[in-house]
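Please follow this chain with the model open beside the text. The paragraphs below move from the packing of side chains to helices and then to strands.

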Amino acid sequence: MDYKKWNNSLGWLVWAVASAVYLLTMESTASFWDCGEFIATAYNLEVGHPPGAPLFMVIGRFFTMFTSAENAALGINALSALSSSFTILFLFWSITAIVKKLALKSGELTQGKTIAILGSALVGSLAYTFSDSFWFSAVEGEVYAMSSLFTAAVFWAILKWDAVSGESHSTRWMVLIAYLMGLSIGVHLLNLLAIPAMVFLFYFKNKELSIKSFFVAMGYSVLILGIVQFGIIPGTYKIGSMFEILFVNSFGLPFHSGLIFYVILLIAVVSYALYITQKKGMVVWNTILLCFTVILIGYSTYAVIMTRSAANPPMDENNPENVFSLLSYLNREQYGSAPFLTGQYFNTPLDAREPYKEGKPVYFQNKETGKYEITNKGEKNEPNYDSNTSGFMPRMWSAQSHHVDAYKTWSNYKGKRAKAGNGETIQVPTFGENLAFLFNYQWGHLYWRYFMWNFVGRQNDIQSQGEFINGSWLSGINAIDSARLGDQTKITTAAKNNPGRNVYFFLPLILGLIGLVYQFMKDPKDWLVLGLLFFFTGMAINFYTNPPPLQPRERDYAYVGSFYVFAIWMAVGVYALYEVLSKKMPQVVSATVVTLASLLAAPVIMGSQNWDDHNRHGRFTARDFAKNYLNSCAPNAILFTNGDNDTFPLWYVQEVEGYRTDVRIVNLSLLNTDWYIEQMRRKAWISDGIPQILPASKVRQGTNDYLPIYDRGIEGFIDVKEAIEFVLDDSPKSKVSLGSGKQVDYFPTKNFSLKVDKQKVLTNGTVSADRADRVLDKLDWTVNKNYIMKNDLIILDILAANNWERPIYFAITTGNEAYIGLTPFFQLEGLAYRLVPYLAQSFDGQTGEVHNEVMYDNLMNKFVWGGMEKGNIYMDENNRRMCMNFRNNFSRLAENYIRLGKNDKAKEVLDRCIEVMPENIVEYNYFMIAIAESYYKMKEYEKGNAIVRILVTNYEEELRFYTTIKGEKRNN
């Protein structure tokens, strides 16, 4: 057999299979979460959330050049699909390189060995093709597929270097690896986690493995990883910022002059150093400099971020148009950080002597003065925690109340007494309890559960926060599953039919474990290399990032690098089985038998089980739901949103498809930042900027991030415009002193009012003629908290400046705290509440008065349903959860019509609800009870009974299952 020919041919065959699978099952448009944002940034080369993905943007833009705007998302999804299939190609070739190296340890290649090597690569690469987490990322427009491609390409290049090391041209592979890593920084930092494995392979090429050499290699690994991640990546720009501040503030030169000089100087110095080391034959130093240079060349894609930010596109997150804001952007400073090796626990108090300390300087580019100014100079606004009650390796650190409750549950918290610096005694978590949280949640729940999903099976597609009935791993072996998750013969029909219920009977796991043990025994050095890659791309991520509990979504996509390694061990396991079987039958026969059996045991089972819940073809829900949000708003509206899923898809349809660009989307999470407020003031597409009274100086970062409310006994309600003018006032009477000694603006009351221009609201359509007699002279409301955050301040500022000119809406998904007490004046018109100048009349106790005519037109005529109405698409839990809002809206509108005696209208509305969200796509739950009740009120008994029969069956099956549960699980 021609090994090279077969290796190349089968590699491309596997690539073709993977490409077909991913292209056939990829989502037909943007997906939920970050996908809409990434697609928009690629299509228009805009600036997304930190730390950005400039290389992904540029390549994505190339892919969208061959599509229409409506199909741009399809182009980006195809980019992910092809990135994933090329990952599989490199995986195939990496497996053949590793297994061939093992095979040669027992003699020359034979035909049987060759078939076994290629067969093992087929099994491992196809198993990874159909693995749960990798397939998920392969069919949507996110960065993780391309990040996986870089990891696979780097690891393949490492193996190529290993094969030719010692030859004169082997250094070029090291330079290629460095360049790929530099490029990968412009996609995602996960690729850097391959550095330790690379260092170990290099180090142990000519050294024996021992305890001492292991720790030496580990030291080099951590050092080089640290130099790249914390030195080269931020350090390059950090040094540039020093030149910039010197040239601009000291020399009086224009903005960016210092950075430009620094770049030229850096190029000159590196070029000269390369020349000298080449001339003097300093091979090691020349290689190091070459690697450093190509990392910088690859990393230079971030110039795209600064360049595009300077153009002030509609989406310009963090506004990284100068070196200081870019540095903050790269360091993800807006997200804060968790303690790593030392730091505070969730109940550690602030230091009694110095509760706050000076934070990092925040630079503002003052274009009027031509200087950089520090906006937080001398301010002590960074918490300084008490050292006596802080600890080593604090896993339980977040003080948010829901996190604290979860910490205690996951760690079986009892605590220990500790005396703070102020003499107070508190109960802090013990070191053992911190380790318990690490093992039970951060590694158990957030890693090993995902690992088992991919190689054993998955219970369902419902997100789990620790409850045993959702999101656990499942094997398909009843005795094992019933012992862990309750009697599986008694589970509900809905649980059995959940598309995410996938079982592999431990077969992929067993194959991988066989391979792991076999490689350890045959080649411990290479086993160590794979083991390090497995650890650093898996458990080490959570050890470093220290995630709190109650994550908003499942995070398995972040650990696919370690699952990649296990797929290699699965392939090694196939070869190990061949080696055993070849002693009992001819080599060619044993290689063929083992390959076919392993293909059935892993890739075939995994592909058949996973297809239904990974096939997103024909699903348009994220795009269509976004359009429904926008269509809930009147022309030229301001729409307040809050989370990822009520913002990113809306950005996509506006920025890419140009849909309803008259609506200004204002994300309340981002509205706490000065750069976002500044962007909201600018015109975007055909939407004017938000109206405001407060100048930029009053909302600059570090200014009015938090305003306390001190009740000064003011009677009645203060006009919101007067309240804003009070904040504008810089006299001492409008200031209070915080505990840190800082003088800040404040509000003297919680009670606000907003005047109503009756003529204006009637003529501009805010109020319809039939509601004219309900219009109030002013709206009076109370903010039920003792502080105003910056985003609340901006809402008040908009209300004061708008004067009922533009319609103001709040997305129904933003949450009560975002409404700052305005709910008595909310009118429900779809997926958003409109602020209206009269008291809302809600007859069902829910938020907002239903506007029958507008709601009917939206639900029955304007809203689109993403393919659900066809009854043949897969709706994951996130999509199904979004549908609850629609069902509730249909129900509320129908109930209103029944109350008014318009049963024909109510029946039409309810029938439409059943039609567009059929039960086989979006399962019935308690939201359907109100719909059934409405049918009964209209004497539509059969339609009501059809719903109730399903609900009763579901609930009875659930109760019968729950009564079989014993012990702690029963309490859960």
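Phenylalanine 747, once its neighbours within four places in sequence are set aside, is in contact (heavy atoms within 4.5 Å) with Leu707, Pro708, Ile709, Tyr710, Ala723, Val727, Phe752, Ile788, Leu793 and Leu796. The model is predicted, and local features need pLDDT of at least 70, side-chain atom pairs count only at pLDDT 80 or more, while totals for chains, interfaces and linings use all residues. Residues are numbered from 1 along each chain as its sequence is written, and side-chain values use heavy atoms, with hydrogens and water left out.

Phe747 is also among the residues with the most contacts inside the largest nonpolar core, together with Phe640, Trp781 and Met868, and this core has 285 residues. A nonpolar core is here a set of buried Ala, Val, Leu, Ile, Met, Phe, Trp, Tyr and Cys residues joined through side-chain atoms within 4.5 Å, where buried means under 20% relative accessible area, exposed over 50%, and partly exposed in between, with a 1.4 Å probe and protein chains only. Helix 4 (residues 72-103) contributes the largest share of this core, 17 residues; helices (H or I, at least four residues) and strands (E, at least two) are DSSP runs, numbered from the N terminus. A second, separate core of 7 residues includes Phe468, Leu485, Ile491 and Phe961. In soluble globular proteins, nonpolar side chains tend to be buried together.

Among the helices, helix 15 (residues 401-411) has His403, Val404, Ala406, Tyr407, Trp410 and Ser411 as its buried residues. Because these residues cover an arc of only 165° around the axis, they lie on the same side of helix 15, the arc being that of the directions from the helix axis to the C-beta atoms. The face turned away from this buried side carries the exposed residues Ser401 and Thr409, whereas the cover over the buried residues includes helix 16 (431-455). Just after helix 15, asparagine 412 takes a positive phi of about 55°.

A helix pair can be followed in the same way. Helix 10 (residues 211-250) and helix 12 (residues 283-299) pack at an angle of about 75° with their axes 11 Å apart, the axes being lines fitted to C-alpha atoms over the stretch in contact, with angles that run from 0 to 180 degrees between N-to-C directions. The two helices are therefore roughly perpendicular to each other, a term that covers 65 to 115 degrees, with angles under 35 counted as roughly parallel, over 145 as roughly antiparallel and the rest as oblique. Where they meet, Ile232, Ile233, Pro234, Thr236 and Tyr237 in helix 10 face Phe292, Ile295, Leu296 and Tyr299 in helix 12.

Turning to the strands, an open sheet of 3 strands has the order 14-17-18 with mixed pairing, where two strands pair if DSSP finds at least two bridges between them. Strand 14 (718-719) and strand 18 (778-782) are its edge strands, each pairing on one side only. Strand 14 runs parallel to strand 17 (residues 751-755), to which 2 bridges join it, and aspartate 719 has serine 753 as its bridge partner in strand 17.

Strand 22 (residues 832-835) has Ala832 and Arg834 pointing one way and Tyr833 and Leu835 the other way, all of them buried. Strand 22 is joined by 3 bridges to strand 20 (residues 808-811), which runs antiparallel to it, and tyrosine 809 stands opposite arginine 834.
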